Amino acid sequence: MPALAVADALRGKGAEVSFLGARGRLEAELVPAAGYEIDFLRVRGLDRRAPLKAASAAALATAAVPAARRALRRRQAEVVMGGGGYVAGPAGLAAVSARLPLVLTESDRHLGLANRLLARRARRVCLAFPIPGRDEARYVVTGRPVPAAILAADREGARRRFGVSPEDRCLLVFGGSLGARSINLCALDAFVGDGVAASRRDYHVIQITGHRDYPLARQRLNTAGGVERYTLLEYEPTLADPLAACDLVLARAGGSVFELAAAGRPAILVPYPHATAHHQDANAAWMSEAGAALVIDDSQLVPDTLLRTVTDLFADPSRLERMSAASGALARPDAAVRVAEQVLAAAAPRAAGGERVVTSTEP
């Protein structure tokens with residue numbers, strides 16, 4: 001999603017943009033749906049806990065470099081933007097070997113493996129957060145790009161879409177494309193239960209389960225029967241409408257914290273305990289220390305605690321307003337434009353007044 005936000009900003013400035021990605025991942029669906037062409041590389045994730053699988057993934061990545069170089073040549077690319085992920089390594093190495101300018105983006109509080117390997121070869125490294133020790137001229141803190149739709153969403157229209165009454169308070173629950181199992185199950189226990197909990201709840205819940213947990217969640221709602229003020233969704237390609245419709249968010253603390261800030265939404269954050277370098281704990285602390293979020297450890301997430309936390313927040317409108325203002329103060333709504341400017345600046349010496357063709361790696 002950050003890469004698509006930058007792509008939209010680049011296209012708005014007259015650039016041509018295409019993507020490199022991997023089949024079977026979200027970009028295979030999202031990129032064409034957004035109106036961009038995509039070339040696929042045969043790569044997969046590096047599992048450091050399984051040496052044989054890691055060696056196989058490294059071999060695939062190495063073999064993908066010539067394929068990426070051919071795609072860049074075919075697209076007549078003048079600059080490459082790396083968005084992290086499996087494809088970023090081969091795409092970045094292909095750009096370096098073809099002597100194309102390379103701009104990297106990092107959404108976390110530490111550089112991922114591909115960005116660590118490529119940073120010294122990049123013209124710019126655009127950071128979501130300041131990273132200690134990364135203060136050379138090539139590093140610039142831009143914030144994490146968010147889709148323009150987040151900033152332009154219509155609250156009334158979004159509430160009509162999800163069946164939320166204008167006077168109801170609304171909690172949004174989500175956990176990524178696959179969902180977050182602990183959050184999904186706890187939310188169902190707290191807000192649906194056997195139907196009794198739902199009857200006592202005086203606020204609406206929008207829950208985006210992700211593909212994996214949706215059948216289970218749908219069965220729970222069907223078993224409870226006639227659950228009022230509950231909208232269950234399997235997947236949403238953008239958080240624009242869900243964030244516009246809600247007053248409070250329950251979620252993990254990945255890169256979506258920037259979308260919460262852009263929408264000015266207060267949150268209850270449950271960091272994923274196995275995130276690389278515990279970056280979700282750091283993201284949650286960033287919002288919590290600003291007064292924009294409460295944090296619950298995944299091991300402490302139980303229905304009673306969750307229900308009490310949500311109930312207490314909705315019972316204190318002034319506190320919720322303060323948290324919302326603090327969230328909005330963290331926003332960097334111009335992040336996509338700032339990254340796009342860095343990409344165009346890197347391409348400028350080669351383009352020299354001509355059309356710039358930008359190839360962005362996996363979103």
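My entries below go from the whole chain down to single residues.

**Ground rules.** I worked with a predicted model, in which local features need pLDDT of at least 70, side-chain atom pairs count only at pLDDT 80 or more, and totals for chains, interfaces and linings use all residues. I number residues from 1 along each chain as its sequence is written, and side-chain values use heavy atoms, with hydrogens and water left out.

**Overview.** I looked up the secondary structure and found 16 helices and 13 strands. Helices (H or I, at least four residues) and strands (E, at least two) are DSSP runs, numbered from the N terminus. Of the 363 residues, 52% count as buried; buried means under 20% relative accessible area, exposed over 50%, and partly exposed in between (1.4 Å probe, protein chains only). The accessible surface comes to about 16,300 Å², and carbon and sulfur atoms hold 50% of it; these areas come from the Shrake-Rupley method with a 1.4 Å probe, and for residues only the protein chains shown count as cover. I also checked contacts, meaning heavy atoms within 4.5 Å. Among those between residues at least 6 apart in sequence, 66% join residues at least 24 apart.

**Strand β3.** Are the faces of β3 covered or open? Both are covered: V79 and M81 are buried on one side, V80 and G82 on the other. I then followed β3 to β4 and found parallel pairing over three bridges, where pairing requires at least two DSSP bridges between the strands. V80 stands opposite L102 in β4. With α4, the two strands make a right-handed β-α-β unit; right-handed means that, with the strands pointing away from the viewer, the path from the first strand over the helix to the second runs clockwise.

**Cores.** I looked for nonpolar cores, which are sets of buried Ala, Val, Leu, Ile, Met, Phe, Trp, Tyr and Cys residues joined through side-chain atoms within 4.5 Å. The largest has 35 residues, and V249, L269 and M287 touch the most other members. Among the elements giving two or more residues to this core are α7, β7, β8, α11 and α13. A second, separate core of 30 residues includes F191, V205, V270 and L301. Back at L269, I set aside neighbours within four places in sequence and found contacts including A251, V257, L260, A284 and M287.

**Helix α8.** After α8 comes G193, with a positive phi near 55 degrees.

**Positive phi outside glycine.** R99 has phi near 60 degrees and is found in the loop between α4 and β4. R99 counts as exposed because its relative accessibility is 73%. R229 has a positive phi of about 50 degrees and lies in the loop between α10 and β9. At 34% relative accessibility, R229 counts as partly exposed.

**Cysteines.** How many disulfides does a search of the whole structure find? Zero, taking a disulfide as a pair of cysteine sulfur atoms within 2.5 Å. The sulfur of C170 has its closest cysteine sulfur in C246, at 6.0 Å, so the two are too far apart for a bond. Both are buried, C170 at 0% relative accessibility and C246 at 1%.
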